[in-house]
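Me: I have just opened this structure and would like a friendly tour. Could we go through it together, one question at a time?

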Amino acid sequence: MRFDLLTLFPEMFPGYLGQSLLNLAIERQLVEVAVHNIRDWARGKHKNVDDRPYGGGPGMVLSPEPVVECVEAVQQMDSRPSRVVVLTPGGRRFDQRIAEEYSEEQRLLLLCGRYEGFDQRVFDILQPDELSIGDFILNGGEVAAMVVIDALVRLVPGVLGDEQSNKQDSFSSENRLLEFAQYTRPREYRGHQVPEVLLSGNHPEIAEWRTQNSLERTRQRRRDLLDGNEQSPQPADNS
Ligand code: SAM
């Protein structure tokens with residue numbers, strides 16, 4: 001899968017791309033990431049990419065020309081079909097279902113805004129997907145793009161050491177519930193014991209405990225997730 005990141009702050013990405021799972025995925029050529037500076041498509045001596053808003057008001061708006069021309073040029077850089085995604089607070093709220101949907105794509109162009117955001121004609125001309133990572137305002141789309149990549153990379157086959165961990169993760173397509181409580185050594189810490197069943201080696205019983213624990217945690221913390229799930233929870237697979 002290829003990600004093209006379109007940004008005014010390309011220097012924000014190398015540190016992130018060089019870390020852990022993502023770095024490994026890039027090294028193994030399971031994932032490819034290219035970072036492009038929108039300013040390279042700006043016109044004029046000063047390479048301006050923004051201007052004051054028509055109608056007045058605070059801040060600066062990203063001009064349509066460098067943004068649209070940057071997207072069009074980057075689309076031509078690879079033969080794979082690309083889906084253009086603009087990170088914007090007004091977009092569809094990102095979640096695991098959208099991550100799964102996007103993970104089927106061969107290539108995503110992630111367009112990061114800054115300042116007061118994009119001139120509306122960027123949306124009118126490019127007709128992109130619009131994606132928000134939540135109901136709050138970030139300073140720029142770069143962190144939102146990292147969130148999207150982070151969630152998608154886990155779904156690319158071969159990236160996780162154990163494909164099973166995807167399936168038991170919270171929100172995963174297996175059951176859309178919260179994951180069960182996890183424990184590791186020691187067996188007892190400050191008077192808190194690991195549940196006996198997890199030490200038993202009895203895998204059917206462990207699977208049943210995890211299913212019930214997952215349901216209970218979801219009921220307590222995220223009742224909204226149980227809509228449509230409560231009648232037919234999928235047992236956790238511990239094989
Ligand atoms: N004036 C804009 C508004 O009220 O919708 C906010 C602009 S924000 C300061 C600058 C950029 O950060 C946006 O263009 C977008 O790319 C990014 N951004 C901010 N919040 C975001 C969010 N919740 N999800 C995705 N991107 C976000």
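Predicted model: local features only at pLDDT ≥ 70, side-chain atom pairs only at ≥ 80, totals over all residues.

Me: Which element supplies the largest share of the shell around the ligand?
Reply: The ligand is surrounded by 19 residues, and L87, G113, G117, G141 and A144 are the closest. Two elements, β5 (83–93) and α6, each supply at least two residues of this shell. The largest share, four residues, comes from β5.

Me: How many residues of the shell around the ligand are nonpolar, polar and charged?
Reply: The closest residues include L87, G113 and A144. For the whole shell the classes come to eight nonpolar, nine polar and two charged residues.

Me: Which element gives the most residues to the largest nonpolar core?
Reply: The largest nonpolar core has 37 residues, and L6, L109, L110, L111 and A145 have the most contacts inside it. At least two residues each come from β1 (2–7), α2 (20–27), α3 (64–75), β5, β6 and α6. With seven residues, the element that gives the most is α6.

Me: Which residues is L110 in contact with, leaving aside its neighbours within four places in sequence?
Reply: L110 is one of the residues with the most contacts inside the largest nonpolar core. In soluble globular proteins, nonpolar side chains tend to be buried together. Beyond its sequence neighbours, L110 is in contact with F3, D4, L5, L6, V85, L87, A145 and V148.

Me: What is the phi of Y115, and what is the phi of Q127?
Reply: Most residues other than glycine have a negative phi. Y115 is found in the loop between β6 (107–112) and α5 (120–126), while Q127 is in the loop between α5 and β7. Both have a positive phi although neither is a glycine: about 55° for Y115 and about 50° for Q127.

Me: Is Q127 buried or exposed?
Reply: Here we count C-beta neighbours again. Y115 has 17 of them inside 10 Å, so Y115 is partly exposed. Q127 has 8 other C-beta atoms within 10 Å, so Q127 is exposed.

Me: Which peptide bond is cis, with omega near 5°?
Reply: Most peptide bonds are trans. For this one, look at the loop between α7 (163–168) and β8 (188–189), where P186 lies. The cis bond runs from R185 to P186.

Me: Which residues does Q96 touch, not counting those up to four places away in sequence?
Reply: Q96 is found in helix α4 (residues 96–103), and it counts as partly exposed because it has 16 C-beta neighbours inside 10 Å. Its C-alpha atom is separated by 9.1 Å from that of S170, which is 74 residues apart along the chain. The residues that Q96 touches are F171 and S172.

Me: How far apart do the C-alpha centres of domain 1 and domain 2 lie?
Reply: The domain assignment gives domain 1 (2–153) and domain 2 (177–226). Along its principal axes, the C-alpha trace of the protein chain spans about 70 × 40 × 35 Å. The C-alpha centres of the two domains are separated by 39 Å.

Me: Finally, what percentage of the residues in the protein chain is buried?
Reply: The chain's secondary structure comes to eight helices and nine strands. A residue is buried if 20 or more other C-beta atoms lie within 10 Å of its own. Of the 239 residues in the protein chain, the buried share is 25%.

Conventions:
Residues numbered from 1 in each chain as written. Domains from an automatic or database assignment. Near = placed C-beta within 6 Å. Nonpolar A, V, L, I, M, F, W, Y, C, P; charged D, E, K, R; others polar. Buried ≥ 20, exposed ≤ 12 C-beta atoms within 10 Å, placed from the backbone. Core = buried A, V, L, I, M, F, W, Y, C linked by C-beta atoms within 7 Å. Contact = placed C-beta atoms within 7 Å.
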